[in-house]
Amino acid sequence: MRIDGGPAGGARTGKGTALPGEERPHSHAVVSGTLWNYSAAVVASLLQLGYTAYTGRAVSAAAFGAFASALSITQLLGYFANAGLATTVLRSRELTRGLLVATVRLGLLSGLVCFALVQATAPLWAEVWNAPETTGLLRVLGLQFLFLPVGAVSAAGLRRLQAQRAAVLVETGALAAGLLTGTLLLAAGWNPLGLAATSVTTQLGIAVLAGVLVARRLPPPGGRAGGRPGRYRELAGSSGFLAGHQLAQYVTNTVPLWAAGAMLGPVAAGYYSRATLFTGLLLTTLAAGLTRVTTPALTRVRTQAPEPSPETRPPGGREEPAVRRAATDVLLAASALSFLPFAFLAGAGSGALRLLLGPGWDEAAALVPPLCLFSAVAVVYAVGLSVDTVCGSHRRMAAAQAAAAVVTLAGAVVAIAGGSLTLLALAALAGQLGGLAVQMWKWRGHGVVEARRLWVGYAVHAALGLAAYAAGAALSRTAAGLPCPAVLPVLPAVGLAVVLCRPLRTRLPLYTVAAARGLLPLRVPDLRRGRTTRPQAH
């Protein structure tokens with residue numbers, strides 16, 4: 001991402017401003033890293049879909065509900081095991097061998113504590129969920145804590161060293177090995193323990209491969225910075241808030257699943273977990289891919305911004321213009337990359353899930369549209385939290401997450417009273433909308449983003465999402481041999497609008513962001529100066 005410059009791609013001049021030749025390589029490095037993440041995510045999604053299709057036929061809804069409940073416990077403890085260390089490495093100003101060693105040691109300690117806790121409390125959780133299979137599943141899943149912190153820190157170290165390709169290849173290869181292991185164990189009769197072995201094998205592979213690669217890429221320990229030991233108290237303090245916030249975010253998003261399992265039974269939990277797994281593949285792909293690439297990019301923007309003089313310092317702790325532009329561009333890109341695909345999936349996903357899982361999963365398929373809306377908002381909300389993480393605003397992060405938690409919990413209470421899984425999905429959506437609303441309100445008051453441009457961009461991308469939803473619904477009904485008179489005319493209408501209004505593409509938020517960052521060799525209007533410019537080639 002180009003970190004500075006005018007809105008149309010021309011660079012500004014002045015003290016402390018990067019020249020276009022210095023900015024554009026960084027833009028293309030970010031895009032290259034994003035493409036590697038998304039290309040690997042496509043492969044991972046295909047592997048997961050094949051695995052889901054197999055387990056949907058080999059594992060019953062009740063057994064999968066027990067596995068989902070056990071997995072939610074280990075994922076919860078995973079935030080303690082990681083302790084925010086991966087995020088600390090990702091946003092570090094300089095990655096040294098001493099910092100990496102310190103984070104690995106702290107991760108090993110927290111992982112051992114979580115491993116012991118899971119082994120000791122597994123029977124208790126089985127009684128809480130009223131599912132005897134949970135005991136064995138938890139004890140197998142608990143093994144991953146011996147490897148998870150090392151793998152997370154090492155993979156984050158590779159990304160901090162701009163080795164995006166190595167990081168995604170390691171994670172994708174380890175996932176493939178884990179899914180193969182789980183499939184073979186299920187076929188051999190280890191049902192449903194084979195589901196748990198998948199996570200353990202994946203985390204082991206990431207820890208070994210990423211650890212070896214990042215150790216080779218770090219500078220030798222003889223240097224002054226590289227050999228300096230890490231300050232464990234300072235490191236634990238800086239990552240403590242991040243770990244707590246990530247934990248609160250996970251608990252908020254998992255409340256509907258827990259409510260389904262505890263109040264509506266394991267079968268309901270199985271339906272809800274299947275639907276969330278289906279939409280969660282794309283959600284994890286988009287959110288993780290964006291935050292892993294944009295967090296270091298925004299960190300670079302903020303650290304390289306010139307120190308303002310007392311006369312030019314923005315009032316009220318507002319961010320510098322370069323930071324506001326970069327944050328707004330990241331959020332606009334996130335809205336386009338989430339609203340459009342999830343809108344299409346909302347239209348086509350129900351039929352696709354029925355086809356994927358086979359008969360008996362109609363209740364899970366009915367949850368796909370509201371969960372797609374939840375996922376679209378969740379991606380934008382997660383990238384917004386990344387912006388606040390880089391800016392170091394713990395208060396804004398805490399306020400947004402508190403709003404999301406309160407709204408989600410209130411919605412879950414209403415859904416349980418009505419005994420409805422659809423209301424649980426809508427409660428999750430309402431929670432994300434509440435957190436996003438607080439984010440935008442805080443940003444506007446603190447000058448973090450260009451508020452008007454961001455709001456208009458969200459609205460435009462949401463409107464385009466309606467056309468994507470119509471396309472998905474038309475495709476799904478056509479594939480099922482059903483008439484679709486209400487949605488089919490939308491497709492040629494959208495195509496005609498695109499043909500007749502082709503010049504309006506330069507007004508689309510995502511298009512203007514890409515052009516302003518020097519990623520499109522096309523003429524775009526400079527709205528501030530009323531003229532047309534072309535980004536310079538370097």
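Are R396 and D388 buried or exposed? Both R396 and D388 are buried, where buried means under 20% relative accessible area, exposed over 50% and partly exposed in between, with a 1.4 Å probe and protein chains only. This is a predicted model, in which local features need pLDDT of at least 70 and side-chain atom pairs count only at pLDDT 80 or more, while totals for chains, interfaces and linings use all residues. Residues are numbered from 1 along each chain as its sequence is written, and side-chain values use heavy atoms, with hydrogens and water left out.

**Salt bridges**

- The structure holds 5 salt bridges, each defined as a side-chain nitrogen of Lys or Arg within 4 Å of a carboxyl oxygen of Asp or Glu.
- One of them joins the side chains of R396 and D388, at 2.8 Å from N to O.
- R159 and E171 form another, at 2.9 Å from N to O. This pair links distant parts of the chain, with R159 in helix α6 (residues 148-160) and E171 in helix α7, 12 residues apart. Helices (H or I, at least four residues) and strands (E, at least two) are DSSP runs, numbered from the N terminus. Both R159 and E171 are buried.
- The side chains of R354 and D362 also meet in a salt bridge, at 3.3 Å from N to O. R354 is partly exposed, because its relative accessible area is 37%, and D362 is partly exposed at 49%.
- A network of salt bridges links D329, E450 and R453.

**Packing of α15 and α16**

- Two packed helices are described by the angle between their axes and the distance between the axes.
- For helix α15 (residues 421-446) and helix α16 (residues 451-479), the angle is about 155° and the axes are 10 Å apart. Axes are lines fitted to C-alpha atoms, for helices over the stretch in contact, and angles run from 0 to 180 degrees between N-to-C directions.
- α15 and α16 are therefore roughly antiparallel to each other; angles under 35 degrees count as roughly parallel, over 145 as roughly antiparallel, 65 to 115 as roughly perpendicular and the rest as oblique.
- M440, W443 and R444 in α15 meet A451, L454, W455 and Y458 in α16, with contact taken as heavy atoms within 4.5 Å.

**Cis peptide bond**

- N191 and P192 are joined by a cis peptide bond, with omega at about 10°.
- P192 lies in the loop between α7 (164-187) and α8 (193-217).
- Most peptide bonds are trans.

**Cysteines**

- The count of disulfides is 0, a disulfide being a pair of cysteine sulfur atoms within 2.5 Å.
- C114 counts as buried because its relative accessibility is 4%, and C372 is buried at 1%.
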